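Here is a short briefing to read alongside the model. Take a look at the fold, then follow the notes below.

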Amino acid sequence: MPFNGEKQYVGEDQPSDSDSSRFSESMASLSDYECSRQSFTSDSSSKSSSPASASPPRVVTFDEVMGAARNLENMTLVHEIAVNENFQLKQDALPENSLASRVKRIVHQAYWDVLESELNAEPPEYDHAIKLFEEIREILLSFLIPGSGNRLRNQICEVLDTDLIRQQAEHGAVDIQGLANYIISTMGKLCAPVRDDDVRKLKATGNIVELLRQIFHVLDLMNMDMANFLIRSFRPHFQRQLVDYERTKFQEILEETPSALDKTTKWIKDSVNEELLAVSETTLTPGAENSSKPSLSPTLVLNNSYLKLLQWDYQKKEFPETLITDEVRLQELKEKLNQLKIIACLSLITNNMLGAIIEGLPELADRLKRISAVLLEGMNKETFNLKEVLNSVGVQTCGEVNKTLIEKGLSTLNAEVQANLVGQFSSIEKEDNPIRSLIDKRIQLYLKNLLCLPSPQKCPPPMPGGLAVIQQELEVLGCQYANIVNLNKQVYGPFYANILRKLLFSEEAMGKADASSSAN
């Protein structure tokens, strides 16, 4: 249809609260020595769980690349529908004064002007009008559920029979207004309740060309309503089948593009290297040689890899392929976490400096938290001046505290205390600030403990000290984060297991083989 509004996929980026905390069978092999290490050193992995091929590199054709792209697009869409309860389709509104908007408006207006001139001609010409009625008929029929509504289906086909309308037009007996009235009546039977007012307004439109134009506009809205209804209807099915569907689709992508796990492998390898360095530093005794490679827990390595995503540089670093469907959600969680981190730092400084003054005043503490949250909105934008905002938060904090003290008949903060408070607030802009580092470690500890629990939504870990001011928000964010991580483990567990097997145990297996051969 030449006048349908373009559509795009739009979703409110709120992760689903559905329980995705159970681990897949494939991820059981990543538990800390719950199964034998032989499961990692053996090569008995199935094809579906093998993220890398032992065959030599091959040339990937353009068709294979496009096939992989289509698979990724379909997988991303299904994933978004399944995990985002607020995902829906919306009309794509072009910017008002953009070139695309002006071109669209001019072309559409030209079409309707041609239609109006044809209908006003002597004798009238109905070719374009008949094509529109044919298109309207097909749209109305598409709203009917297959196998039902046969009576209405037959009626629509009879009234909007284009062959009959063309014969009537040849004899000057076609009733354009009557056909339009029938269409409006049928739309009223098929539309969602939210469109009743739109359909009612059509009846008040006098000009037949404008009426046809508005009919197409409302049909576009009804099409969108139908698509969103189908999305809501299929969401439970997608949620039930999501793990198998995504794993199968990603395996297809991997077969078409063998390098589809390169970034994921690097992401996990970086975590392995960090853990090896940390273990070596804590276990190495001065003067003693330790030639054996430290043993690492696969689960610990993978969980630490997930934790790094909340500190990821999303603008500069390449993202793991297995998490691409949740990249936007994870980035938003990281940005929200950064804001909560600063709020916790400000609260800790305030309590340390003014604890005796604000003790027993929960209303003041809540007010100071709201002020901080409002001023820190958008802190992840490049143009955001954190130091300047922190200075403003400090000034407003001093003002609110002084106001409360005056109301209680107490003396206000002296200039030295106020200057010290503002200065400490401003100092948290530096990432190596001791208070900021302390809060960051405690948040990381909470999230690390969260990932170790089988059902973090039902029984979250204890909140570390100093985080009480953001406890409610951090628990919600933590549950959203755990949902994403646990679902990702279920889907891509076989691929992670194979990567970890090669990174952690390949050298050990080779060492055993060498020892065996030398003994013989």
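Predicted model: local features only at pLDDT ≥ 70, side-chain atom pairs only at ≥ 80, totals over all residues.

Residues are numbered from 1 along each chain as its sequence is written, and side-chain values use heavy atoms, leaving out hydrogens and water.

**Overall build**
- The protein has 17 helices and two strands (DSSP runs numbered from the N terminus: H or I of at least four residues for helices, E of at least two for strands).
- Of its 520 residues, 41% are buried (under 20% relative accessible area; exposed is over 50%, partly exposed in between).

**Cores**
- The largest nonpolar core has 81 residues (buried Ala, Val, Leu, Ile, Met, Phe, Trp, Tyr and Cys joined through side-chain atoms within 4.5 Å), and among those touching the most other members are Trp 267, Ile 268 and Tyr 481.
- Helix 17 (residues 471–519) gives this core its largest share, 15 residues.
- A second, separate core of 38 residues includes Tyr 126 and Val 199.
- Beyond neighbours within four places in sequence, Ile 268 is in contact with residues including Val 301, Tyr 496 and Leu 503 (heavy atoms within 4.5 Å).

**Helix 3**
- Val 103 lies in helix 3 (residues 99–119) and is partly exposed, with a relative accessible area of 43%.

How values were computed:
Buried < 20%, exposed > 50% of the residue type's maximum accessible area, 1.4 Å probe, protein only.
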